[in-house]
Amino acid sequence: MTTQEQGIAAYLLQAAAARDDPVKYAEFILRDEVGARITMASLHIAIHAHIEYCRAHNLHAMILVPYGHGKSVNAVARLTYDIGRDQNLRAKLICGIEDDAEKRLGMANTILTSSSYRTVFPNVRPNVAKKWTAGEIYI
């Protein structure tokens with residue numbers, strides 16, 4: 001196996017792991033300002049574990065973290081992960097300022113239409129019968 005084939009195989013294994021683990025998914029999909037992958041801090045891992053615990057026990061998760069600690073980025077990652085696992089999901093992304101919500105939805109749009117996302121969730125496609133706007137997206 002060539003080095004290139006090994007790299008492709010490793011990439012596909014990471015994508016397969018990302019389908020079943022929201023933390024691995026976030027690390028696979030999210031990029032920083034220069035395009036490098038983001039490594040989840042222990043705080044982010046705990047947030048995802050809390051969400052999983054609450055879902056398993058039919059509870060609503062509440063996340064309370066100070067400003068600037070990656071809540072919004074992780075919320076968008078989690079939203080796109082959940083859409084990948086359930087294309088019938090209906091969700092609202094609510095922010096205190098409409099422009100912020102549109103920025104988050106724009107980020108979700110970018111993720112949902114990326115080649116990395118398609119590698120993880122190849123069956124998720126935009127609903128071409130409904131137009132995507134700054135405030136709504138349809139799968």
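**View 1. Tyr25, a buried residue.** Tyr25 has 0% relative accessibility, so Tyr25 counts as buried. Buried means under 20% relative accessible area, exposed means over 50%, and partly exposed lies in between (1.4 Å probe, protein chains only). The model is predicted: local features need pLDDT of at least 70, side-chain atom pairs count only at pLDDT 80 or more, and totals for chains, interfaces and linings use all residues. Residues are numbered from 1 along each chain as its sequence is written, and side-chain values use heavy atoms, with hydrogens and water left out.

**View 2. Tyr25 with Tyr81.** Aromatic rings of Phe, Tyr and Trp (its six-membered ring) pair if their centres lie within 6.5 Å; planes under 30 degrees apart count as stacked, over 60 as edge-to-face and the rest as tilted. By this rule there are six aromatic pairs. Tyr25 and Tyr81 form a tilted pair, with 5.3 Å centre to centre and 50 degrees between the planes. Tyr25 sits in helix 2 (residues 22-29) and Tyr81 in helix 4 (residues 71-85), so the pair ties together parts 56 residues apart in sequence. Tyr81 counts as buried because its relative accessibility is 3%.

**View 3. Tyr25 with Phe121.** The ring centres of Tyr25 and Phe121 lie 5.9 Å apart and their planes stand at 50 degrees, so this pair is tilted. Tyr25 belongs to helix 2 and Phe121 to the segment after helix 6 (115-120), so the pair ties together parts 96 residues apart in sequence. Both Tyr25 and Phe121 are buried.

**View 4. The aromatic cluster.** Four residues make up one aromatic cluster: Tyr25, Tyr81, Tyr117 and Phe121.

View 5. The chain has six helices and zero strands. Helices (H or I, at least four residues) and strands (E, at least two) are DSSP runs, numbered from the N terminus. The C-alpha trace spans about 50 × 40 × 35 Å along its principal axes. Of the 139 residues, 28% count as buried.

**View 6. Charged side chains.** The chain carries 16 positive and 14 negative side chains, and the centres of the two sets lie 4 Å apart. Lys and Arg count as positive and Asp and Glu as negative; His and the chain ends are not counted. Each charge is placed at NZ of Lys, CZ of Arg, CG of Asp or CD of Glu.
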